[in-house]
Amino acid sequence: MAETTVHEYSILNTSPVRKGVPEKATGQARYTADLSLPNMLVGAILHSPLAHARILNIDVTKAKNLPGVRAVLTAKDISHIKFGFSPARFDETALAIDKVRYVGDEIAAVAAIDEQTAKEALELIKVDYEELPALLDPFDTMAEDAPLIHKEYARNICHEVHNEVGNADKRLAEAYLVRSDRFMNKKTDGACLEPYATLADYDLSGHLTLWTSTQVSHYVQRSVAMVLQLPLDRVRVIAPYVGGAFGVKASAGSHELIACMLSMHAGCPIKIVMDREQAFWRNRARHQYYHEMTIGVAKDGKILAHKHLAVIDGGAYSSLGVITVYYNGSLLHGPYAIPNIRYDGYRIYTNKPTSGCLRGHGGVSNRACFETQLDLVAEEMKMDPIEIRMKNVLQSGDTTKSGYHLSSFNVRECLQEARAYSGWGKKKNKLPKGKGIGVATSYFLSGSGSANYHTDIPHSTVVIKVADDGSGIMLYTGSNEIGQGSDTVVAMIAAEVLGLDLNDVNVISGDTGLCPADLGAYSSRQTLMTGNATKQAAESVKKQLLDEMARRYGIASSEFELRQGKVYGTEKNREVLDNIRNRYRTEHRHFTNLPKEGPLTFAEVARLIYAESGSILGKGTYSPPELQYSKEWKGAVIGASPAYSTQTCIAEVTVDFETGDLTIDHLTLAHDCGFAINRKAVEGQLEGSMCHGLGEALFEEMIFDDKGRLMNASLGDYKIPTVLDVPEMKAIIIESNEPNGPFGAKEVGEGCILPVVPAIINAVRDACGVVIMELPISSERILKALKAKEASGEALYIYKPPASADRIIDQAAKLSAGAATR
Amino acid sequence: MILPRFKFIEPEALEEAFEIMEQNKGDAAFLAGGTDLLVNLKKKVVNHSVIISLEKLAELKNIGYSNEKGLTLGAMTRISDIEESPVLREKYPILAIAASKLGSPQIRNRATLGGNICAARPAADTIGPLIAYAATVRLVSKDGERRQPLEEFFLGPGKTIIKEGEILADIQLSTVPANTGASYIKYGIRKAMEIAMVSVTTLLTFGNASCQSARVVLGAVAPTFIRSPQAEDVLSGKIFSRDIAGQAAKLAAGCCLPICDMRASAEYRRELVEVLTRRSLLEAASQCVNFS
Amino acid sequence: MKKRIALKINNQDYELLVADNETLAQVLRGTQVNLTGTKQGCEIGDCGACTVLMDGKPVNSCLVLAVQASGHEITTIEGLARNGKLHPIQEAFIEAGAVQCGFCTPGMILKAKALLDTNTKPTRQEIRKAFVGNLCRCTGYFKIINAVEKASEMLREEEVKP
């Protein structure tokens, strides 16, 4: 049974009250926009109204002269040092230098006494543009003679990847069944409830402090120091409470640099709070993908070969996009065994907001296409969709063709448990017309093997300092709590190792000035990496305590046990115990709740050691070990990870045949997280992902007009699920005891969104015989498909992407024919 | 997003309101619930330097019902009060239902009936049921007052027959005849927080086993709310049946002028009108008669 | 020209100077009142993060002018704890795991209060309907609904005990 694991942990695998949650529930939690400093000014940013234009002149005279305005910046006032995500592809500047590349590109900034004045000043800035052709359609953008968005990149190809392992074409020719399908999604947004906010304070001693809503304090610190040419130790980035990130806050943003620059110019703190519209323009979320996939299976349903051609619309800048092209290929190397794979992927620039990474980075759209296609194969072969998956899945100990070693991988259990809970056996092929059930399975990495810059530093370092009076510990971690519960995970690990109450573990995180470096919350790395570092730090503290006790008692430290705030084993030597206890009680005379009988407490032991040898500090680090990946598969290193999660989603839906209306009736999601450190937090990630996946399947899309302007830059028009759109859901925790993870834990948070979209597509097919290959699955598309199906008289109708998508894919196919894969 | 600078004035009597409006012709707008105007000001869709609040005008808050005279709803009646009113739920149920689908509880606690009407959106929630119930509006100005059937109140999206200096005071609905069934169906992309992609309101009054009168009102598929006289004609005077409902629905679909926008295509809206009109008619009829 | 308004916030009397075009959300979060528990997620009524109770009823404070709030009673998230103790709704949210990033939480909790003040035993579907207008991106709403159910149970138990 999936629900319980037999173990002897005190706190791990339970659901304690999370760190920071009471503060959030009482309004005490302060997010960046809630912060204020004396003498603070408000910053505001001017954005380009044009998708592609040369900046001829910016006249800021009137703005500068508006009473209450203290600083106005344009490109000529600021550093032109470029930043971004990967150093090899830094292509952003805080303000546009000579041209703007999308509607929303930042061109000027002001600092004023209040928001009203700042916004009025923006309106007084006069910009002369020379409009350039706006490249919005990848077909036009990739044309041979297309104008260049970035002059270095011919055909506006940001990056291309061509990979092969085995011989896909050959095996396809021999396969029992081959099918090719095309699929597309739309650009989506993170839609975090908290848009962006940042508060920069450059003081007269040359120290810069930046409070900012981020998921990567470390990377922001490095970017700020680099761009502003400040020594790293003079730049301190602090992440206060963060209202959601999901990937969009995984790199430094122009707004952060602008706030710092304004602060340096004006000599006082500057706060910039972006509104919802600006948040949409910044975007940095999921790319738009156009896929063509070909699959070949043997007569018994075993997958023989898979070919994947993809064009990825990246928007105006690179951001994480280079990684995206690789993930888009390698995240299909599991969870099934596929011996022959060919991948051709292009990421291209367009004059639209920049895509970066969003939950399930590089694994959502491709997985939707693959799982939908696999179901079509199953249907043709008259195999049950779960059966065909069971036939093909890898297992713990296997290696993918990209060379990824699946050290723990309970995909079978995910499939079985989801199947059992959802009642698949009683429902599949037995539901009334209009009702359907669908399944999908996926896998994801648990932290990237490489940092985003070439470095040998540990990916996570954690320092634990025992409070000098022993009453608890301070746990310093540069990791980022963004609502996913990472502070609680590390606290629980430390509490478990040291036998402490969770309330006695104080976590200080996300502050580059106080905490040792951690790469931050992205690629779902923190539970495994920061968790491992925490375990090591806690064990170091434990060792120091127990070694000291061993020295005093003359018995092996293995005879002691730290549990419930006590050091068991110390009660055996009464004389030493009484001596230590009396010292402690004397020192704490008049304090209440002093220890009386029984073994020594953690506090008494820690206090003693502090008195005699000084502060007790434990340090733990984690860097991914030498990871396995195939040298045969170009770029496989991107995607190599210490561990891989896997997950299965089953969706139950109802389709209204007359309107195409789609209701999701139930969602089940079983996710192998290795070991659930905090059970309710793991469930929360699964439930959140089911909702998020539902949104991407049914509603979410960024809609642009023919001038590249975003038409739905509001939470009314960009539709994330409301409470009435989300059905009852079941989150199932599967555990597989990951050897590379702390206490067997690996990621949860990203993998779990991957199977949701295709489970829904497959359920729709089951309900009414139409397969929608274009996201979002709108009721209009479903109705169109139903009518076409009826007209055709066939049992199945595939609603394909439009001709505009076809020509994009065809063009890429031409380009990639003959491209070298080695 | 911040509001532009404006002067906020809150008159305590209608005469005062008229005067302030006159003095600030062209610059001023009336503020009812604010859930529309304040959004438009923030988005810079409109710009007004003077905002005149209607909150303190008692003349706009008359609410009354009698079996003889019917219902009077002051323009400043909150949508949430309409949703929760026992009288409305019993006597004018589809108005209460439509109110319950408007926005969210937070919006409904501020939005007003008058505001919903005067914003004149083709997708507004209360207008379909109001027209179905043959509502009339009373407009007041310093020169007096006039009444107008709500059906003739709209000129286009955001445009009404309200003259400069006039304020919508209240809405009147006459008593609903016995044996009347009514239905309001709103379709949107999500199941909440939606501006209707299509809305259909139907009201059928039966007598002597046949449908005596029918009102079919379509929203979000033309520049204003429209009735479908063709659909109504095919229903009136006939014994109701699924067939007739189907015919009426086809006719309703034929008479609408939907647009294509980022929510849906015109064609899909037309298809929805047919399906939802048929369903709405069946729902309305089932409240009064059995049919085949 | 600022106007003087008088209102109650969390049972405390306030006299404030506000501009005509300031919203209640801005004033609550501003320097005179300094209650930053009320959040702004969209400023145009789409998300509900700014939800406060106005005379006990939930409203989007981003769409109420501060001058319109004069004479009314406002409850923000900071006003829920009783004598330094968490309100049962807050406890329920915390225990149920209904809080992740927390940005929607103040609005959610106040919405729960408004619901449970008028409906002491709501069904899950009634809870869902009431929570329209409050968006959440993290939780999928599931544990929020659980929390409200739990809170209603806790409040009913309180009623029974003397």
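Predicted model: local features only at pLDDT ≥ 70, side-chain atom pairs only at ≥ 80, totals over all residues.
Which residue of chain B forms a salt bridge with A:Asp656?

Residues are numbered from 1 along each chain as its sequence is written, chains are lettered from A in the order in which they are written, and side-chain values use heavy atoms, with hydrogens and water left out.

**View 1. A salt bridge joins A:Asp656 and B:Arg279.**
The closest N and O atoms of the pair are 2.7 Å apart. A salt bridge is a side-chain nitrogen of Lys or Arg within 4 Å of a carboxyl oxygen of Asp or Glu. The rule finds eight across the interface of chain A and chain B. Helix H3 (115-123), strand S25 (662-672) and helix H20 (779-792) of chain A each give two or more residues to the side that touches chain B. H3(A) brings the largest share, six residues. This side of chain A has 14 charged, eight polar and eight nonpolar residues. (Helices, H or I of at least four residues, and strands, E of at least two, are DSSP runs numbered from the N terminus. Nonpolar covers Ala, Val, Leu, Ile, Met, Phe, Trp, Tyr, Cys and Pro; charged covers Asp, Glu, Lys and Arg; the others, Gly among them, are polar.)

**View 2. Chain C meets chain A.**
Here 47 residues of chain C are in contact (heavy atoms within 4.5 Å) with 52 residues of chain A. The two chains bury about 3800 Å² between them, 59% of it on carbon and sulfur atoms. Buried area is the accessible area (1.4 Å probe) lost when two parts are put together, summed over both. Seven salt bridges cross this interface. In one of them, A:Glu728 pairs with C:Arg128, with the closest N and O atoms 2.5 Å apart. The side of chain C that touches chain A holds 22 nonpolar, 14 polar and 11 charged residues.

The whole structure has zero disulfides (cysteine sulfur atoms within 2.5 Å) over all chains. A:Cys649 is buried, at 0% relative accessible area. B:Cys260 is exposed, at 59%.

How values were computed. Buried < 20%, exposed > 50% of the residue type's maximum accessible area, 1.4 Å probe, protein only.
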